[in-house]
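This briefing walks through a single protein chain, taking up charged pairs, the strands and helices, and aromatic contacts in turn. Please keep the structure open while reading, so that each residue can be found as it comes up.

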Amino acid sequence: MRFACLGSGSQGNALVVEAGNTRLLLDCGFTLRETVIRLTRLGLEPDTIDAVVVTHEHSDHICGVARFARKFGIPVWLTHGTLRSAGKALGKLPAVNIIEGYQRFSIGDIEVEPYPVPHDAQEPAQFVFGNGSLRLGVLTDTGCSTPHIEVVLSDCDALVLECNHDARMLANSDYPESLKRRVGGRFGHLENAASASLLARLNCNRLQHVIAAHLSQKNNTPLLVQGMLSDALNCEAAWIGVATQSEGFEWRQLF
């Protein structure tokens with residue numbers, strides 16, 4: 001099982017998960033052309049993607065879904081709320097599969113476990129992906145943790161974890177007060193200390209990779225994030241990976 005990122009941040013998000021003979025794309029927040037370029041950079045042809053799984057309707061996660069799915073005839077999985085909210089942006093898709101009540105489902109060789117998160121979207125979901133023995137947990141676009149989130153993400157073999165902003169940098173930024181409240185609120189985005197605190201409460205005995213994701217380009221730095229998360233795990237700061245907006249991150253293998 002392996003995973004890689006096309007890019008992560010407010011200008012576009014997409015993650016590739018591969019297990020056995022199945023390859024999924026989690027979100028597609030880039031143009032069709034840019035998505036193809038970034039897949040090629042990872043050594044992938046776009047028509048080898050078996051499905052697109054969508055977290056929520058915000059444009060940095062969904063703006064490229066429709067064109068990509070239609071161009072290559074790829075089915076899409078998403079919640080009722082996301083489909084309802086993003087209906088016009090998506091238009092007619094080759095195949096739509098509704099995620100019902102955050103119930104687990106399978107796509108080929110990949111087990112998909114959706115779970116709810118507090119975010120300012122209609123029915124947002126985040127996911128754990130598995131192959132029967134290995135588990136990749138993904139958590140971005142949530143304003144705070146919950147007991148359920150922590151149960152779901154314990155005992156993962158890898159985590160992609162939102163570290164959106166540093167609280168002090170956000171407070172001192174030139175963002176309008178309304179945007180500061182939105183980003184820093186409980187339906188906004190996780191800040192560094194909250195992400196580190198969440199990580200410290202998980203059972204991390206199986207962790208092979210931790211990747212910080214969805215970093216604000218104005219209100220965060222990779223060094224701040226790596227310092228926070230490495231303190232929580234009592235590991236070297238360099239061991240913490242960081243997903244960038246321009247490059248994402250290269251393939252990470254799970255054994």
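A salt bridge is taken here as a side-chain nitrogen of Lys or Arg lying within 4 Å of a carboxyl oxygen of Asp or Glu. The model is predicted, and by this rule ten salt bridges are counted in it. One of them joins R201 to E150, with 2.7 Å between the closest N and O atoms.

**Salt bridges**

- The bridge between R201 and E150 connects distant parts of the chain, since R201 belongs to helix α9 and E150 to helix α6 (residues 147-153), 51 residues apart.
- The two partners are placed as follows: R201 is partly exposed, with a relative accessible area of 46%, whereas E150 is buried, at 15%.
- R135 and E113 form another salt bridge, in which the closest N and O atoms are 3.6 Å apart.
- Because R135 lies in strand β10 and E113 in strand β8, this pair ties together parts that are 22 residues apart in sequence; E113 is buried, with a relative accessible area of 15%.
- The side chains of R2 and E18 also meet in a salt bridge, at 2.9 Å from N to O, and this pair links strand β1, which holds R2, to strand β2 (residues 14-19), which holds E18, across 16 residues.
- R2 is partly exposed, with a relative accessible area of 22%, while E18 is buried, with a relative accessible area of 14%.
- Through salt bridges that share partners, R2, E18 and R23 are joined into one network.

**Sheet and packed helices**

- Seven strands make up an open sheet of mixed pairing, in the order β7-β8-β9-β10-β11-β12-β13, and its edge strands, β7 (105-107) and β13 (241-242), each pair on one side only.
- Within this order, strand β8 (residues 110-116) and strand β9 (residues 125-130) run antiparallel and are joined by six bridges; V112 has F129 in β9 as its bridge partner.
- Helix α9 (residues 192-201) packs on the sheet, where it touches β10 (135-139), β11 (158-162) and β12 (209-213), and its direction makes about 155° with that of β11.
- Helix α10 (residues 222-233) likewise packs on the sheet, in contact with β11, β12 and β13, and its direction makes about 140° with that of β12.

**Aromatic rings**

- Four aromatic pairs are counted in the model.
- The rings of F3 and F249 have centres 5.7 Å apart and planes at 80°; planes over 60 degrees apart count as edge-to-face, and so this pair is edge-to-face.
- F3 in strand β1 (residues 2-7) and F249 in strand β14 (residues 249-253) are 246 residues apart, so that the pair links distant parts of the chain.
- Both partners are buried, F3 with a relative accessible area of 0% and F249 at 6% relative accessibility.
- F127 and F129 form a stacked pair, with 5.9 Å from centre to centre and 25° between the planes, and both of these residues are buried.

**Arginines over rings**

- R2, already described as a salt-bridge partner of E18, lies over the face of W251, at 3.6 Å from the ring centre.
- R38 lies over the face of F30, at 4.2 Å from the ring centre.

Technical notes: Residues are numbered from 1 along each chain as its sequence is written. This is a predicted model: local features need pLDDT of at least 70, side-chain atom pairs count only at pLDDT 80 or more; totals for chains, interfaces and linings use all residues. Side-chain values use heavy atoms; hydrogens and water are left out. Rings of Phe, Tyr and Trp (its six-membered ring) pair if their centres lie within 6.5 Å; planes under 30 degrees apart count as stacked, over 60 as edge-to-face and the rest as tilted. Helices (H or I, at least four residues) and strands (E, at least two) are DSSP runs, numbered from the N terminus. Buried means under 20% relative accessible area, exposed over 50%, partly exposed in between (1.4 Å probe, protein chains only). A charge sits over a ring if NZ of Lys or CZ of Arg is within 6 Å of the ring centre and within 35 degrees of the ring normal. Two strands pair if DSSP finds at least two bridges between them. Contact means heavy atoms within 4.5 Å. Axes are lines fitted to C-alpha atoms, for helices over the stretch in contact, and angles run from 0 to 180 degrees between N-to-C directions.
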